[in-house]
Amino acid sequence: NPHKKLGPQINYTITGIDAGAGEMGAAQKALTAYGLKSKNWQLQTSSTAAMTSTLDKAIKNHQAIVITGWQPHWMFTKYPIKFLKDPKNVFGKTENLHTIARTGFKHDNPGAYKLLSQFHWTKSEMSEIMLKVNDGQDPAKAAKNYISKHPKQVAKWLAGVPEGHGKKVKLTYVAWDSEIASTNLVKQLLDSKGYDTTIQSLEAQPMWASIATGAADASVSAWLPTTHGLYAKQYKGEFVDVRVNLKGAKTGLAVPKYMKNINSIEELKN
Ligand SMILES: C[SH](C)CC(=O)O
């Protein structure tokens with residue numbers, strides 16, 4: 001209802017995701033920066049699955065809703081939603097997904113490290129796997145299918161990567177749809193060269209800690225410079241930033257497009 005104030009319609013609530021997500025920290029900062037906290041606005045912690053099902057229900061009922069959104073993610077293809085402008089740049093400009101590794105990994109496993117130094121892809125390529133998984137396909141299978149469909153790209157990723165002879169690699173990630181896709185793909189690529197790769201999903205902070213303590217070898221789930229900026233600062237010098245593996249990610253607050261008069265975080269107060 002565009003004529004009634006938005007706040008009361010949605011209980012002054014922003015529907016968020018898992019508490020450890022960097023974007024939840026940014027959303028809290030936005031509440032303060034845009035003077036929403038003083039207007040009783042609050043950020044609801046839940047999970048990606050809970051957030052997307054709440055979004056689904058709101059859109060089916062053509063109701064107002066404000067979510068913590070991000071790209072790349074299938075929510076922007078499946079639902080008519082838009083990012084709210086962030087004039088105070090709380091969520092940062094575009095983000096990149098980085099591959100990070102424990103400090104000794106290049107020395108201990110140069111072959112696997114070489115693959116990680118060569119792996120990168122685009123949002124649309126990632127979406128191929130994300131959409132299949134969202135339709136219920138097993139992530140490992142979706143990753144294998146991607147590999148068989150993109151032999152030239154795979155050959156570039158694997159160029160000069162020596163056989164693994166069963167050498168173990170441990171990847172950690174956060175179970176966001178984007179990282180489920182990339183981590184399963186990297187596992188399949190490594191295993192196709194004879195490495196023995198295990199993948200473990202953790203919350204964001206423990207994922208960073210697993211690399212900094214050397215409990216895990218690498219992760220393709222680092223959102224930088226802004227979204228995981230705090231973690232990168234906390235563990236500065238205790239991890240290697242191998243490379244950007246995906247350019248042009250983005251986090252922010254998002255609303256259904258039918259909320260025509262809400263286009264900026266500033267306007268949530270209206
Ligand atoms: C939820 S985005 C995939 C990443 C983050 O916010 O930490």
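Visitor: Hi! How many salt bridges are there between domain 1 and domain 2?
Guide: Hello! The count between domain 1 and domain 2 is 0 salt bridges. Keep in mind that this is a predicted model.

Visitor: Which helices and strands of domain 1 supply at least two residues each to the side that touches domain 2?
Guide: Helix H2 (22-33) does, and so do strand S3 (67-71) and helix H4 (75-78).

Visitor: Let me back up. Where in the chain are the two domains?
Guide: The domain assignment gives domain 1 as 6-93 + 251-269, and domain 2 as 95-249. Over C-alpha atoms, the centres of domain 1 and domain 2 are 28 Å apart. In the contact, 19 residues come from domain 1 and 19 residues from domain 2.

Visitor: How much area do domain 1 and domain 2 bury between them?
Guide: About 1400 Å², and 58% of that is on carbon and sulfur atoms.

Visitor: Which three residues of domain 1 supply more of its buried area than any other three?
Guide: Those are Pro72, Trp74 and Thr251, which supply 38% of the area that domain 1 buries against domain 2.

Visitor: Tell me about Pro72. Where does Pro72 lie, and is the peptide bond with Gln71 cis or trans?
Guide: Pro72 lies in the loop between S3 and H4. The bond joining Gln71 and Pro72 is cis, with omega about 5°.

Visitor: And what about Leu224 and Pro225, what kind of peptide bond joins them?
Guide: A cis peptide bond joins Leu224 and Pro225, with omega about 10°. Pro225 sits in the loop between strand S8 (218-224) and helix H12 (229-234).

Visitor: New topic: the ligand. Which residues surround the ligand?
Guide: Around the ligand you'll find Ile17, Ala21, Gly22, Glu23, Trp70, Trp176, Trp223, Thr227 and His228.

Visitor: Which side chain has an N or O atom 2.7 Å from an oxygen atom of the ligand?
Guide: That is the side chain of His228.

Visitor: And what do the backbones of Gly22 and Glu23 do there?
Guide: Gly22 has a backbone N or O atom 2.7 Å from a ligand oxygen atom. For Glu23, a polar backbone atom is 2.8 Å from an oxygen atom of the ligand.

Visitor: Back to salt bridges. How many does the count come to by this rule?
Guide: The count comes to 7 salt bridges. One of them joins the side chains of Lys60 and Asp56, at 2.4 Å from N to O.

Visitor: How many residues apart are Lys60 and Asp56 in helix H3?
Guide: Lys60 and Asp56 are 4 residues apart in helix H3 (residues 48-60), so about one helical turn separates them.

Visitor: One last thing: is phi of Tyr12 positive or negative?
Guide: Phi of Tyr12 is positive, near 50°, in a residue other than glycine. Tyr12 lies in the loop between helix H1 (6-9) and strand S1 (13-15).

Terms used. Residues numbered from 1 in each chain as written. Predicted model: local features only at pLDDT ≥ 70, side-chain atom pairs only at ≥ 80, totals over all residues. Heavy atoms only, no water. Domains from an automatic or database assignment. Contact = heavy atoms within 4.5 Å. Buried area = accessible area lost by both parts, 1.4 Å probe. Salt bridge = Lys/Arg side-chain N within 4 Å of Asp/Glu carboxyl O. Near = heavy atom within 4 Å. Polar contact = N/O pair within 3.5 Å; in protein donor to acceptor, adjacent residues only side chain to side chain.
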